[in-house]
Amino acid sequence: MAINWFKYSAPTTFYGLAGKLIPWFAIPAAVLFAVGLYIGFAVAPVDAQQGEFYRIIFIHVPSSILSMFLYLIMAGYAALGLIFNTRLSAMMATAIAPTGALFAFISLWTGALWGKPMWGAWWVWDARLTSELILLFLYLGFIALHASIDDPRRADRASALLAIVGSVNVPIIYFSVKWWNTLHQGSTIKFTGTSMHVAMQQAMFIMLAACWLYAIAVVLARVRSIILERERNTVWINELPEAKQ
Amino acid sequence: MTDMKRSSMLGLLVLVIRRDLVLAMRRRADVLTTLIFFVMVVSLFPLGVGPEMSMLRKMAAGVLWVAALLSSMLSLGRLFSADYLDGTLEQMMLAPQSLSMLVLGKMVAHWMVSGLPLVLMAPVLGLQFDMPAQALGVLILGLLLGTPVLSMVGAIGAALTLGLRGGGVLLSLLVLPLCIPVLIFGTGAVEAVSTGLSAASHLSLLGALLVLALVFTPWVTAQALRISME
């Protein structure tokens with residue numbers, strides 16, 4: 001029997017699937033957030049140089065990582081939507097943008113909170129901070145362009161093109177650490193062993209997993225709303241149990 | 001055959017550039033407004049931060065570059081809008097010639113009208129900020145390499161926001177973040193020279209950006225125009 005790989009690329013079928021998947025991501029996300037924060041704030045030892053202040057990294061690092069990855073994923077969906085003309089891909093890109101912007105904002109905010117005690121300044125014009133700020137601008141530009149075009153088809157395609165052009169900027173963000181000599185500390189997690197305590201590592205990875213799961217759950221929930229909004233004039237939407245109430 | 005095709009492509013490019021330049025010369029006020037805006041923004045900085053020459057000298061490159069960035073945003077709205085409103089753009093898209101080539105012609109004309117005057121005006125403004133001759137030379141060279149990139153990257157934004165309400169502000173929101181590398185390398189070159197280093201690496205990177213933009217942006221802008229005109 002041939003498998004239809006594209007079954008869930010239609011909003012009609014994906015709507016139901018997304019609804020079923022959300023709890024599978026949302027509940028583990030909540031559990032992992034609780035566990036990760038507990039390990040991070042109660043179990044992990046005090047850092048020798050940074051004292052208690054370092055604990056903000058358990059939120060800061062996962063949100064920075066996610067803000068960058070989500071942009072690439074968004075651009076990927078946008079490219080799929082442009083190339084194959086699939087409506088759902090464009091809806092996914094639109095659904096990812098606010099979550100990505102949120103993570104970029106959290107990353108900047110927690111970075112500022114960490115910078116004040118460690119560097120003595122809320123904001124330092126260092127390459128990584130600046131790149132993260134530019135990333136936030138790119139997200140906001142994507143959202144603004146999408147919001148200001150009334151025709152959903154043109155909005156999808158125009159913002160998709162913008163996302164692809166903007167994704168050229170994401171590698172620059174990543175390599176900026178190497179390009180410019182900056183204040184920001186280099187990566188501590190390397191493939192050849194790390195300089196971190198085990199409990200710190202555990203907390204970091206658990207928080208990272210929690211952020212991923214949260215992002216997926218929220219994006220699925222948002223894409224369901226977008227599908228409902230876009231397809232509100234179709235028969236299948238009006239036959240949904242939640243539409244009949 | 002291929003030779004004829006190439007010559008017709010070049011001919012097309014020259015034709016579009018000449019047409020846009022003639023149109024711009026008929027409406028000279030638009031060109032001058034951009035230039036006056038540039039001069040005015042630059043002149044506001046000493047009034048804002050104080051007349052100390054040592055500080056102004058340090059700030060000069062950054063101020064000139066930011067002002068150039070802002071004034072190039074101002075003129076971008078006009079890149080396609082007039083042709084869009086009177087239907088010329090639609091005819092251009094129906095033409096058998098490559099749309100990317102037409103777009104490239106419009107970009108070059110736009111740079112000659114809005115970028116080149118800024119480059120020519122920059123030395124005078126640089127002297128107002130008491131820039132040393134060598135730094136001034138590098139600044140001009142950087143602007144010469146960088147302002148075409150602003151026109152070309154900006155064209156993508158102009159094509160995407162074609163015919164939208166509040167297009168001008170939206171355009172800046174989309175394009176300014178993408179232009180930041182140009183700003184960084186442009187001012188970096190001047191800073192390198194003022195600290196006694198070579199500006200070659202920054203200028204090379206600017207040149208690389210220019211080549212990249214020259215290769216990719218006409219095509220991307222053409223795609224954006226197709227999306228906007230559907």
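1. Before looking at any helix pair, one convention: axes are lines fitted to C-alpha atoms, for helices over the stretch in contact, and the angles between their N-to-C directions run from 0 to 180 degrees. Keep in mind, too, that this is a predicted model.

2. Let's start where the two chains meet. Helix α5 of chain A, residues 152-167, packs with α9(B) at an angle of about 165 degrees, and the two axes are 9 Å apart. Angles over 145 degrees count as roughly antiparallel, so α5(A) and α9(B) are roughly antiparallel to each other. The crossing of this pair is left-handed.

3. Which residues of α5(A) and α9(B) meet? From α5(A) come A:Arg154, A:Arg157, A:Ala158, A:Leu161 and A:Val165. Facing them in α9(B) are B:Val220, B:Gln223, B:Ala224, B:Ile227 and B:Ser228. Sorted by class, the residues of this contact are 6 nonpolar, 2 polar and 2 charged.

4. Now the contact between the chains as a whole: chain B puts in 17 residues and chain A 18 residues. On the chain B side, the elements giving two or more residues are α7 (133-160), α8 (167-194) and α9 (200-229). Of these, α8(B) gives the most, with 7 residues. The chain B side divides into 13 nonpolar, 3 polar and 1 charged residues.

5. Where does α9(B) bend? The bend, about 35 degrees, is at B:Phe216, and the proline B:Pro218 follows within four residues.

6. Staying inside chain B, look at α3 (residues 53-76) and α6 (residues 99-128), which pack at about 155 degrees with axes 11 Å apart. That angle makes α3(B) roughly antiparallel to α6(B). Is the crossing of α3(B) and α6(B) left-handed or right-handed? It is right-handed.

7. The α3(B) side of that contact is made by B:Ala60, B:Leu64, B:Ala68, B:Ser71, B:Ser72 and B:Ser75. On the α6(B) side you'll find B:Ser114, B:Gly115, B:Leu118, B:Ala122, B:Leu125 and B:Gly126. The residues of this contact come out as 6 nonpolar, 6 polar and no charged.

8. The crossing of α1(A) and α7(A) is left-handed. How do the residues of this contact divide by class? There are 28 nonpolar, 4 polar and 1 charged.

Key: Residues are numbered from 1 along each chain as its sequence is written. Chains are lettered from A and ligands numbered from 1 in the order in which they are written. This is a predicted model: local features need pLDDT of at least 70, side-chain atom pairs count only at pLDDT 80 or more; totals for chains, interfaces and linings use all residues. Angles under 35 degrees count as roughly parallel, over 145 as roughly antiparallel, 65 to 115 as roughly perpendicular and the rest as oblique. A crossing is left-handed if the near helix is turned anticlockwise from the far one by less than a right angle, and right-handed if clockwise. Two residues are in contact if their C-beta atoms, placed from the backbone, lie within 7 Å. Ala, Val, Leu, Ile, Met, Phe, Trp, Tyr, Cys and Pro count as nonpolar, Asp, Glu, Lys and Arg as charged, and the others, Gly among them, as polar. The bend at a residue is the angle between axes fitted to the seven residues ending there and the seven starting there.
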